[in-house]
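Biologist: Please take one part of this structure and go through it closely, giving the cut-off for each term as you use it.

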Amino acid sequence: MTTTIDLVSYEDALASYDPVMGLEVHVELGTNTKMFCGCSTALGAEPNTQTCPTCLGMPGALPVVNATGVESAIRIGLALNCEIAEWCRFARKNYFYPDMPKNFQTSQYDEPIAFNGYLDVQLEDGETFRVEIERAHMEEDTGKSLHVGGATGRIHGASHSLLDYNRAGIPLIEIVTKPITGAGERAPEVARAYVRELRELIRALGVSEARMEQGQMRCDVNLSLMPKGAERFGTRSETKNVNSLRSVERAARFEIQRHAAVLSSGGTIVQETRHFHEDTGSTTSGRVKEEAEDYRYFPEPDLVPVAPSREWVEEIRASLPELPLARRNRLREEWGVSGTDMQAILNAGALELIVQTIEAGADATSARKWWMGELARSANEAGVAPDRLAITPAQVARVSELVAKGELNDKLARQVIEGVLAGEGTPDEVVDRRGLKVVSDEGALGAAVDEAIAGNPGVADKIRGGKVAAAGALVGAVMKATRGQADAARVKELILEKLGVTEG
Amino acid sequence: MTEIIKLTAAETAERIASGELTAVEVAEAHLARIEAVDEKVHAFLHIDREGALAQAREVDAKRERGEELGPLAGVPLALKDIFTTEGVPTTVGSKILEGWIPPYDATLVKRLKAADVVILGKTNMDEFAMGSSTENSAYGPTGNPWDLTRIPGGSGGGSSAALAAYMAPLAIGTDTGGSIRQPAAVTGTVGVKPTYGAVSRYGMVAFSSSLDQGGPCARTVLDAALLHEVIAGHDPMDSTSIDAPVPPVVEAARNGSVAGMRVGVVKQFRGEGYQAGVVQRFEESVELLKELGAEIVELDCPSFDLALSAYYLIAPSECSSNLARFDGLRYGLRVGDDGTASAESVTSLTREAGFGDEVKRRIMLGTYALSSGYYDAYYGSAQKVRTLITRDFEKAFEQVDVIVSPTTPTTAFPIGERADDPMAMYLADLCTIPTNLAGNSAMSLPCGLAPEDNLPVGLQIIAPAMKDDRLYTVGAAVEAAFVEKWGHPLIEEAPSL
């Protein structure tokens with residue numbers, strides 16, 4: 001575990017090897033009840049309060065399939081362009097672990113509900129990469145172990161463990177890609193883009209909030225290298241439970257460098273599971289899989305087969321929402337932005353906020369401007385996602401409306417937003433309380449302009465002489481005099497008017 | 001007046017309903033009988049005297065208030081210790097669940113309570129229902145009331161012994177490979193394995209999920225039918241439960257007849273290993289059926305020869321997975337927890353101490369049969385045999401209405417005789433296993449005593465799936481004819497203990 005290896009540089013690694021990836025993503029479904037019993041799935045309850053004989057694996061208790069869980073699985077399968085099984089069974093995956101009450105996990109084995117699909121994902125430069133989907137299958141989550149007394153919360157060195165079965169039986173969908181080849185140096189980026197696209201898809205389908213930081217979506221990154229041009233895959237490592245988009249990319253990148261280091265020094269890759277460490281960006285060895293673990297799968301005799309009728313599948317297909325990539329492409333055209341801009345919006349987590357702001361009445365350009373500018377900065381400074389800011393899309397739309405009406409200028413609008421974020425009330429309340437209206441009283445404004453001309457005769461002369469650009473200095477003086485509460489464009493008009501110059 | 005304990009369930013229910021007897025009197029008579037003879041028989045693992053009397057008092061109160069009573073209101077019942085009972089110990093005959101008090105009632109138990117049946121206690125059984133003699137119980141064997149040195153059958157030996165010794169007029173069994181029918185046969189009582197899915201398995205501790213089926217045990221065909229009707233029916237908590245009306249079993253039991261019926265006799269259910277007296281009583285039963293107007297059809301079901309082998313791959317495979325949950329961490333026995341031991345070591349020590357030899361044997365067999373590389377050869381092939389057996393039954397039922405056979409090849413054998421010979425023990429279920437594999441229904445009822453040992457012989461009647469009523473139509477006719485021939489029910493020849 002403590003052996004350090006000298007990594008090969010990323011560029012050198014890619015010069016000699018082609019990476020092959022397999023991504024396994026587990027998604028906790030947002031059903032109200034568990035997969036095989038009626039217990040609540042709500043997060044945050046006291047340990048072991050959301051349990052019953054079935055999810056505790058009590059002698060005699062039996063499972064019954066959650067129909068909403070099956071429907072969610074089909075929705076995901078259809079959105080991933082998969083075929084949906086006409087008939088499939090659950091299977092028992094047998095292994096002993098204290099957080100699994102029955103000592104087998106009810107899962108699916110060789111008869112997944114959905115199979116043979118693909119997901120198109122967009123890379124940073126707007127290019128599209130197709131990831132082939134092997135299968136999506138239904139299973140149940142395990143309970144949670146809390147290892148007490150050890151150094152890192154791992155079982156090693158712990159004095160005892162506590163078990164919470166609230167999570168046991170929560171429905172999971174496991175989505176497995178086919179081997180991803182041909183991504184070359186972009187493999188880590190593809191991994192990240194895939195997980196993100198999948199997350200967007202899951203959210204759009206309304207089957208889960210897919211919050212990675214809460215463990216609602218977890219990714220295993222399987223990676224191997226083969227010499228450039230080879231066709232036979234190398235031995236893979238399985239980096240388990242990578243829990244953020246950034247980590248998915250870093251884990252893939254690290255493993256490419258580590259594998260290359262081992263292989264180029266004549267070593268062999270051990271098939272094993274690995275843990276990813278956020279702090280160092282590296283992985284360490286978990287358990288070695290000398291031979292494939294024998295889970296003794298067999299069809300679950302306590303459950304009847306799942307046989308979704310074709311009519312039902314088509315009903316579900318017809319009810320699918322517009323999928324994220326198609327929607328992004330449509331919005332991109334409607335808003336007239338580039339692919340890279342769209343990626344930036346997505347990266348900032350601002351897409352839905354912009355859409356909602358437009359829906360609340362703002363025009364696309366200003367909605368985008370606020371969320372990608374002022375608000376993105378505020379979110380960044382506060383270290384939160386923009387949807388956690390104390391301002392709603394409707395409020396942003398109101399600010400943008402006030403600007404459009406000429407009641408606020410940009411500078412004032414920024415102050416209004418600052419006030420809303422600080423909890424001073426709605427945009428209109430902030431405008432009132434801070435007295436931020438643009439000075440539109442032509443008389444007062446005219447007086448301020450006269451004053452500025454009188455105070456800056458040199459500048460005035462230049463303008464009269466045709467140097468229109470010099471008007472900026474006079475505008476600045478007027479703005480200063482009105483404490484920023486004037487409409488700069490109107491001020492400029494007045495100056496030119498008074499000096500008898502027309503803008504050419 | 002006949003002694004209370006000798007009444008049938010139907011008679012008991014009638015007398016309670018009419019006020020001739022109170023439910024409390026009936027419960028007390030049976031509890032007194034248990035007290036008097038169960039020390040010798042050991043049919044019960046747990047007697048719920050308080051619970052039984054409370055339920056009986058409730059029945060009497062209901063009657064006094066003029067409320068409607070269930071069809072078996074106040075009738076006492078012996079419950080196999082494989083069904084969970086809220087607040088009452090449930091051991092499944094195993095040390096590993098010693099002291100476990102379930103927090104919930106099995107669906108079957110809920111139905112019994114709703115029908116005002118009085119549950120006297122929990123009966124002895126082979127550990128986890130694995131066995132044909134009740135000798136595999138971790139709590140000691142049960143004696144056969146016909147001869148206490150002999151086995152009462154298994155796994156439900158406690159339930160059948162309780163019936164034969166008049167400790168209860170009704171009992172519940174479960175049948176994975178014959179555990180209702182073989183005990184019924186060797187104790188001279190009636191036992192029915194309903195169609196798979198007819199009786200909810202929710203709260204029935206699993207041995208082999210795709211084979212396990214709860215069912216009624218009684219001293220008469222009609223009593224079994226009355227109980228069948230109470231416990232059968234769809235249960236949303238068991239997804240393998242049949243969502244269809246229960247066949248009209250009580251009506252069938254009241255209208256026994258075989259005239260014009262085609263009755264099959266299967267070639268594969270005879271040959272070596274069958275005791276002469278068993279064969280003799282079986283052949284006499286076939287003659288009786290003819291006399292009653294049935295047409296006898298010879299059947300060839302070649303796949304039945306493979307049934308025992310297939311069963312001993314499928315049942316252990318499922319059990320190896322079903323019993324994995326008994327790890328000492330959440331309930332029941334826990335061994336080796338000294339505060340420093342790992343969970344793995346506690347689980348290992350608990351299982352070592354908590355499971356008996358037969359259970360360990362089957363867990364190992366099943367674990368092996370499901371292993372990668374062996375799955376296709378063992379579990380996979382066994383499933384194919386299962387399909388063949390189902391097809392043989394389907395073909396057979398194109399030609400006949402029911403099939404008859406001996407229930408088990410021999411009468412009750414002495415306790416200890418086969419204890420060290422698992423293969424000999426497994427042969428006891430030769431004729432009952434095909435029905436479990438195919439999922440259809442079957443009954444065992446008494447057809448006489450074997451001349452060589454004066455012990456009961458069982459006649460098995462097999463019907464297609466969902467046609468459980470046919471068992472009762474034929475069974476009631478055969479029972480009536482035998483009673484007429486013998487002048488009394490066979491059970492009356494049992495020693496009085």
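Modeller: The contact between the chains takes 23 residues from chain A and 32 residues from chain B, two residues being in contact if their C-beta atoms, placed from the backbone, lie within 7 Å. On the side of chain A that touches chain B, 14 residues are nonpolar, 4 polar and 5 charged, where Ala, Val, Leu, Ile, Met, Phe, Trp, Tyr, Cys and Pro count as nonpolar, Asp, Glu, Lys and Arg as charged, and the others, Gly among them, as polar. This is a predicted model, in which local features need pLDDT of at least 70 and side-chain atom pairs count only at pLDDT 80 or more, while totals for chains, interfaces and linings use all residues. Residues are numbered from 1 along each chain as its sequence is written, and chains are lettered from A and ligands numbered from 1 in the order in which they are written.

B:Lys80 belongs to strand S2 (residues 76–80), whereas B:Ser179 sits in the loop between strand S4 (170–174) and helix H6 (181–187), with helices (H or I, at least four residues) and strands (E, at least two) taken as DSSP runs numbered from the N terminus. B:Lys80 is buried because 31 other C-beta atoms lie within 10 Å, and B:Ser179 is buried because it has 37 C-beta neighbours inside 10 Å; the cut-off for buried is 20 or more other C-beta atoms within 10 Å, for exposed 12 or fewer, with partly exposed in between. Not counting residues up to four places away in sequence, B:Lys80 touches residues including B:Gly156, B:Gly173 and B:Thr174, and B:Ser179 touches B:Gly156, B:Gly173 and B:Thr174 as well, along with B:Ala129, B:Gly154 and B:Ser155.
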